[in-house]
Every structure is written in structure tokens, then in C-alpha cells.
Amino acid sequence: MARTQTSCPACKQSVVVEIQQVFDMAQDKLAKQKLLSNASNLMQCPSCGYQGMVAIPIIYHDPEKEMLLTFFPPDLHTPVNEQEMQVGPLINKIMNDLPQEKRKAYLLQPQSMLTYQTLIEKILEADGITKEMLNAQQERIQLLEKLITAQKDERLTIFEKEKEIIDINFFSILSRIIESASAQGDEKSQQPLIELQEQLFEHTEVGKQLFSQAQETESAIKALQDASKDGLTREKLLDLLIKADTDIKISTIASFARAGLDYGFFQLLSGQIESEKEKTKKQELTSLRENLLKITEEIDKRLQEEMGKSKQLLEKILASKEIEEEMQNNINSVNDFFIQLLQAELSEARKAGDLERIQKLERAMIVIEKASAPPKEVQLLEKFLDFADASDLKRLIEENSEAINQDFLSLLNNVVNQVQQQKDQQELQEKVNVIYKAVLKHSMKKQMGADQAL
């Protein structure tokens, strides 16, 4: 990404912004994600705190869907002929970066999007996400905003009026927002959301169902944990499943204890069925066996599918000439199944003495390890937290001046807010506040120096 200097629309101070005009899926598998996340071309003013998108032309390219889209912000008032002159060289580069056989006619007919929203909708539509689906989600978000600002007694009327859209999707959106606030340490925003969620659980039909299911799941997990304290035997597991009085409890225990539902377990269950004299009890045990066989079959099927996908992805990465680049492009597809498979394949390759495969697998593993390491901003903050005194902190800040950017300042600001709410962390609060003041002072001096240079 290129850096440019612009003025903050709120306070008019100069701000250095990283911009990206071309989002090309042919060159960057994360291009679509970067564009849809609204994290690119974002201005964050260190002087007044203003945050917003920088108005620049954008080009999006997806060769698999033969899609080439352009967007010029209306605020720029760029004439059509000048727009073509600006995007022409960028489109030529997109075309030249493609192999000859992939240079198709759609590249000569880019689709111009009138608004940023239509650009996003067009990209999502190609993935099967319709405008109606987006509108439905937006409707739920607007309802959520309305509920957050409403008084508690007013909410009950809104619950009844909007009961048609207070569904599973609505609760899913609310849960994601709560999780996001928790991850950012934003307790001030999180608490009202949790209170709203509790009220929804109590006063809406879907909420009552979800709350009941959650309680059943928690009860099953606790029962399994208690039974596992001195070692989980087949006998204990069977006793738990017999006592489980709902399908949710049975499926929860079966999912968490799948490894215990082996041949020996089903032999034990079958033996109990045969020895049971009471007809009703015998039927209940038989139904339990049939249910467990279906559940384990479904679990195994999902596991096989996930492992199959992971195997396919791993072989694709290893077949690439640029393993590191291919691994990085697919880093968001890495999950526990992929890591497990990669470790197993590495172990097998070492047993077989396959040096070439070992080398390739280790190259992929190194990329994953780097990606799972703390972000550089977090690493920098951890370094600052080890300062001995004021002069040592000043030295650390000066040595890492180039790394003190808007991302680091945002992280530091979030950490300050988070530790201030932890009353039992006074020493950490003082240390973070000292770092915050020193870094802010350094950043302002650096910004003033950049302004004077202009």
C-alpha cells in the first residue's frame, strides 16, 4: 500500500494515510476481505480522533468470476473522460499481470459503480448474497440500534411489534457485537448489550428457546466435566447418556466425548439392552443406541469432510512453486483440522525420510507460526512495558519511532481504556499511562516536524 498525506476533514490537520486503490484477487487472495472489512483507506486523525474513509478511486478484480469493477467517489467530481485516464493504467497493469490465456474480454469492459454501497453489493451478489439478504440484515441492525437506545420498559412493546425479525439471525448479530466489544476490552459498550441480551432471553419466544438450549448445553458439559475428574470410563459415559433427558444434552455429551463412543462402548450399551427385562426401559435404551449411532455418523462425516478439505488445501499449497506466498494467501483457511493434518503429514514424512516433502511442510509450518505470532503492534507494546525508567522508555520510543503508527496508537488507546476499568491492576495502569503519555508526546512532535517540512 502507498502512503499519502491529506487533511483531516474535521480539524484540518495533516494526516498520513495508507491507501490501496487496486483490490486484485488474482494477486492477493485476501483482496476481497480487505475491501469488505472497510479496514482499507481508513483515516484516523491522531489530533482530533476523527475516523472515516478516504475518498479515492477503487478498482476490484476477480478473475474467477470475470468481474472488473470501478468506483469513483462522487465527492471528487471527476469527469468521465478523466476517470478513464486515471483507471486505464491500473487496468492495464491488472491485465499484464495475468497469464495470456486468462486475458479475456471482460477486462476491456469494466463496470462502473455509482456508489460505494453498490460496489459492495455487486461483490457480495457474485457470492450468492443478495440485496434482499443484505437488507434483511440491515433491518435487524437498525432494530438493534433502536433497542439499545430505548428505555427498558419501552423495549417490551418493541419486542412484540418486531417479533417477526427477532429471530436466530438477530441473536447471532447481537452475539457477534458482544464478542467484538469483549475482544476490544470495551466494557462500557459491552454491558448494555449484555443487559439487552438478557432481556431478550426473558421476553421473546426465540430468546426463551435459545436460553433454554444454552442452559441444557451448559448442564451437559458440567455433568461431563464432573464425571471426568477421576477419569472418564465407558461405564460413566453410558450412565451420563442414559440420564440425559433431552436431545440437546445427548448430542452435546456425544460431541464432546466422541472418542469414548467406540466399539467397546456400544458393546457395553448392547449388553445392557439385552439384559434389561423391563420393556419400556429396553425400548429407551434401544432408541438411545440408534440416536448415538446417527450422531456419531454425522460427527465422523463432518470430520472427514473437514480433513478432506484440509488435505486438498495442503497438497495445493505444497504443489505451488511459491509455498510461502500460497500459504499466506490461504492463511484464513487454516483451522485445527489443517494444523492436525500438517503435523501428521510432517511426522509421516520424517518416518519415511522424504526430505523434499519435509522441507515443503516445514516451510508451510513456518508461515503459520509467523501468522499466529502476536501482531507487531502488540510485540512493540510488550517491549515498552519492560522499560526500566523514563530515560529507558524514551530510548525505546526513539529506537522504534517508525513503528509508532496509527495502528499502534489505536491499540495503545484501547489498552489504556481496558486497564483503567481493572481496579486491581493499579501498577499496570500507572505503567500504561506513562507509556501512553510518552508515546503521544513523541507522536505529536513527529507530526509537527512533518508539517514544518512541508
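## Strand S6 and its partners

Strand S3 (residues 22–24) is joined to S6 by three bridges, and the two run parallel, where helices (H or I, at least four residues) and strands (E, at least two) are DSSP runs numbered from the N terminus, and two strands pair if DSSP finds at least two bridges between them. Across this pairing, Phe23 stands opposite Tyr60 in S6. The model is a predicted one, in which local features need pLDDT of at least 70 and side-chain atom pairs count only at pLDDT 80 or more, while totals for chains, interfaces and linings use all residues. Residues are numbered from 1 along each chain as its sequence is written, and side-chain values use heavy atoms, with hydrogens and water left out.

S6 is also joined to strand S7 (residues 67–71), here by five bridges and in an antiparallel arrangement, with Phe71 in S7 as the bridge partner of Ile58. Four residues lie between the strands of this hairpin, in which Glu66 takes a positive phi near 50°.

## Burial of S6

Strand S6 (residues 58–62) is largely enclosed by the rest of the structure, because five of its five residues are buried, that is, under 20% relative accessible area, with exposed meaning over 50% and partly exposed in between (1.4 Å probe, protein chains only). Ile58, Tyr60 and Asp62 lie on one side and Ile59 and His61 on the other, and both faces are covered.

## Helix H15

The buried residues of helix H15 (residues 355–372) are Ile358, Leu361, Ala364, Met365, Val367 and Ile368. These residues pack against helix H12 (279–319), helix H13 (323–329) and helix H14 (336–352), contact meaning heavy atoms within 4.5 Å.

Notes. Expected span 1.5 Å × (residues − 1).
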